[in-house]
Amino acid sequence: MASLTIRKLDEGVKTYLRLRSAKNRRSVEEEVRVILRELIEGREEPLAAPAPQQPASSPPATPQRAGALAEASVTLIIGGGIAAYKSLDLIRRLKERRIEVRCVLTKAAQHFVTPLTASALSHERVYTDLFDPQSEFDAGHIRLARDCDLIVVAPATADLMAKMAGGHADDLASAILLATNRKILLAPAMNPLMWSNAATRRNVAQLQRDGVILVGPNAGEMAEAGEAGTGRMAEAIEIAAAADRLLRPPVPRPLAGKRVLITAGPTHEPIDPVRYIANRSSGKQGFAIAAAAQAAGAEVVLVSGPVDLDDPAGVAVKHVESARQMLEQVEASLPVDIAIFAAAVADWRVASEGAQKLKKTAAGMPPLQLVENPDILATISKLKDKRPPLVIGFAAETEHLLDNASAKLTRKGCDWIVANDVSPATGVMGGDRNTVHLLTRKDGAIDVDSWPVMTKDQVAIELVAHIARSLAGKPLETTS
Ligand SMILES: Cc1cc2nc3c(=O)[nH]c(=O)nc-3n(C[C@H](O)[C@H](O)[C@H](O)COP(=O)(O)O)c2cc1C
């Protein structure tokens, strides 16, 4: 089966996957698997033409995936030690966690447990032989090494660890361990004297340098009568938990506990009941920031002008039309820790909105008297009581970008400005990409950090990462 390199996907797809996986607290690979499974389970046509019938006794020629609900997969290598019986429980524990298991038994392991038992518990074919013509016609050992998310060796015998440290590949287990590019988790199990032997110490140290991860061994009574010490294999539940941690590392949530307010989109300033003044803002940048902040663990309130976008999942969205409504909802959402004003708020509105649709008259065009709208960024930046600790404004300019943005930072009293060139040639207004400069205050001066052209999703992720770094590091240099 072909493998998929996430690194090589389109930037937009990668960003979508990153956001979706962060939201669902899964690794990106797991998320891809879930998406594919949803797709396959949702389709109506049969999955594939029926495969040619194999004799009942003949197992599939190459490793096959089973378990439609599995979210990750493990190749479990069972070594030849007394603790091999505990690996049968490990199969069950892994499967409980929706981890698909394919077992490989060493020759010695088959003295302790049978391939039939491992196969019955894993619901998969079990592999034992490097020179098996059924699975090696297309290098099955390489598939076992790579068509999984993690390799677990339990029990990891002194012999298997010595082979790994020495780079041997003279049986199926050691060949898989040498050919893999997946993480390897070892659960050593052996007599305490074997564990403390200088050769085993050297091998363990070498394996740890090679990046192999160990769980256990634990101290306690050994199977051999009267023997105790360090060498007992970790319990199945401990090994399953260690595997789970490696397969599903906790997603960092640097904005957990923070309340973030974001404005997005244009505002519509009514002329009469059917006409309005607007601008070309799509709201995409603000919505992307809301999704990124939510994925980073923040409680997010999004105040949005009229846009043609779906509400981001997990975000409280307040829909408004005009600048005055936007200010009202922004004020009602305080207090917040961080406020990001990405909306393109109309500077002016019509002084007196017509109660009825304005009609053409012989007297010509009706005069449209404009008055200034409230300045939401300046109003919130200058609050005495509920001013958010970090206020970030956006400066959308068509000329003298950095000069205008620097002046805006000083004039409005906010802490940071994200400046972007929105002249028509850039395609930023309504488009999916953005080129921004982040203006912050450093040692009393304005510091400009210019970012390369990115998708709006990437700009959002970068801005959230910047905020998270600032919160984690030295106190923010703000106006307040
Ligand atoms: C009854 C019995 C129990 C054994 N238990 C262990 C053990 O717990 N750990 C270990 O490293 N070796 C143990 N051995 C030795 C291994 O089975 C032996 O080194 C074998 O070659 C390991 O093969 P493998 O690493 O390919 O599985 C045991 C041997 C016997 C006969």
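**View 1. The open sheet of 8 strands.** In this predicted model, an open sheet with mixed pairing places its 8 strands in the order β12-β11-β8-β13-β16-β17-β19-β20, where strands are DSSP runs of E with at least two residues, numbered from the N terminus, and two strands pair if DSSP finds at least two bridges between them. Because β12 (316-319) and β20 (445-450) each have a single partner strand, they stand at the edges, and one side of each is left without a neighbour in the sheet. Residues are numbered from 1 along each chain as its sequence is written. Since the model is predicted, local features need pLDDT of at least 70 and side-chain atom pairs count only at pLDDT 80 or more, while totals for chains, interfaces and linings use all residues.

**View 2. Strands β11 and β12.** Strand β11 (residues 299-304) runs parallel to β12 and is joined to it by 4 bridges; within this pair, Val 301 stands opposite Ala 316 of β12.

**View 3. The shell around the ligand.** The ligand is surrounded by 16 residues, the closest being Gly 80, Gly 81, Thr 106, Ala 108 and Thr 157, where a residue counts as near if its C-beta atom, placed from the backbone, lies within 6 Å of the molecule. Helix α7 (residues 158-166) contributes the largest share of this shell, 3 residues, helices being DSSP runs of H or I with at least four residues.

**View 4. Contacts of Val 464.** Neighbours within four places in sequence left aside, Val 464 is in contact with Leu 255, Ile 289, Ala 292, Ala 293 and Ala 296, contact meaning that the C-beta atoms, placed from the backbone, lie within 7 Å.

Terms used. Contact = placed C-beta atoms within 7 Å.
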